[in-house]
Amino acid sequence: PCLSTNQLSPSIYNEYFAVDSSSLIRFLCNHNVFARRLFPSIHKSTAISNYMQVISVQNNSNFFDSHGLSLPSGPDLNIADVDHIATLIHSFYSDY
């Protein structure tokens, strides 16, 4: 299973955009780094879909949905963890 940096304290995440973010998230999970998707497209929500008919909003929402991911960060993450995550991401895209 994917593990967060510290199961006893809340994790903090930074949001990023990536090519093939779903595959990157799976790759990181396979290496015990908990990454997650950003929130789903807001314009697809049934509660607000009638108000979100502007094409530019839909395009932006779809871009965030298909490219966005959150990576762990925060006070529980040490420099070695950051280097490990960066190395994994570099490895993923080197083989891409």
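Predicted model: local features only at pLDDT ≥ 70, side-chain atom pairs only at ≥ 80, totals over all residues.
Start with strand β3, which spans residues 68-73. The strand is mostly covered, with 6 of its 6 residues buried. Its side chains divide between two directions: Gly-68, Ser-70 and Pro-72 point one way, while Leu-69, Leu-71 and Ser-73 point the other way. Residues on either side of the strand are buried.

Next, look at what lies alongside. Strand β2, residues 36-37, is joined to β3 by 2 bridges, and the two strands run antiparallel. Within this pairing, Arg-36 is the residue that stands opposite Ser-70 of β3.

Now take Ser-73, which is also part of strand β3. Ser-73 has a relative accessibility of 13% and therefore counts as buried, since the cut-off for buried is under 20%.

Phe-17, Phe-63 and Phe-64 make a nonpolar surface patch of about 300 Å². Of these residues, Phe-64 lies in helix α2, which covers residues 55-67. Phe-64 has a relative accessible area of 42%, so this residue is classed as partly exposed; that class lies between the buried limit of under 20% and the exposed limit of over 50%.

Note on methods
Residues numbered from 1 in each chain as written. Heavy atoms only, no water. Buried < 20%, exposed > 50% of the residue type's maximum accessible area, 1.4 Å probe, protein only. Helix = DSSP H or I, 4+ residues; strand = E, 2+ residues; numbered from the N terminus. Pairing = 2+ DSSP bridges. Patch = residues over 30% accessible without salt bridge, like charges linked within 9 Å, V, L, I, M, F, W, Y side chains within 5 Å. Areas by Shrake-Rupley, 256 points an atom, 1.4 Å probe, with all protein chains shown as cover. Salt bridge = Lys/Arg side-chain N within 4 Å of Asp/Glu carboxyl O.
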